[in-house]
Amino acid sequence: MKKREVILKIVAVSTLAMLQGCVGVVVAGGAAAGTAAYVRGDLESIMEEDITSIYESSKQALIDLEIEIVGTDKDLLSAVVNGQGAEDKKIVIKMKRIEQGRLVKLTIRIGTFGDKPLSQIIYKKINRNL
């Protein structure tokens, strides 16, 4: 990973942390993996990939984890993948292009209050599929 990319991701997540309050930081492995922050029930990450790749990887992650996909929506600037997990947990994966080029904000929310361990599993699976 280029030094500039790493610095950009650290700055982006740090900014999110300062704006959002309490944060637990999660680091995922893999070349495509960035840094993610768990903020108020959402796992958030700034990713340097095109939105279509993240969208397709998100759908595949839910399929791989045997989570039912109940809805999807995508355009050039944003995308969402909705899933239904065990115990009827609602899973929402949102992607939003935040800058010209390949920077995309990824947000994973599980249920009403969040589920950090499951969010981390889904996030890691998305990164492996990229």
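Which side chain does a polar contact of 3.0 Å join to that of Asp42? The partner is Arg109. A polar contact is a pair of N or O atoms within 3.5 Å; within protein, one must be able to donate a hydrogen and the other to accept it, and residues adjacent in sequence count only if both atoms are side-chain atoms.

This is a predicted model: local features need pLDDT of at least 70, side-chain atom pairs count only at pLDDT 80 or more, and totals for chains, interfaces and linings use all residues. Residues are numbered from 1 along each chain as its sequence is written, and side-chain values use heavy atoms, with hydrogens and water left out.

Two buried residues (under 20% relative accessible area, 1.4 Å probe, protein chains only) are set out below. Strands are DSSP runs (E, at least two residues), and helices are H or I runs of at least four, numbered from the N terminus.

| Residue | Element | Relative accessible area |
|---|---|---|
| Asp42 | strand 3 | 17% |
| Gly83 | strand 5 | 1% |

Contact means heavy atoms within 4.5 Å. Not counting residues up to four places away in sequence, Asp42 touches Ala37, Thr107, Ile108 and Arg109. With that exclusion, Gly83 touches residues including Leu62, Ile67, Val70 and Ile91. The C-alpha atoms of Gly83 and Ile63 are 9.6 Å apart.

The largest nonpolar core has 22 residues. Such a core is a set of buried Ala, Val, Leu, Ile, Met, Phe, Trp, Tyr and Cys residues joined through side-chain atoms within 4.5 Å. Helix 2 gives the most to this core, five residues. Ile122 is among the residues with the most contacts inside the core. Beyond four places in sequence, Ile122 touches Ala61, Leu62, Ile93 and Ile108, among others.

Terms used: Buried < 20%, exposed > 50% of the residue type's maximum accessible area, 1.4 Å probe, protein only.
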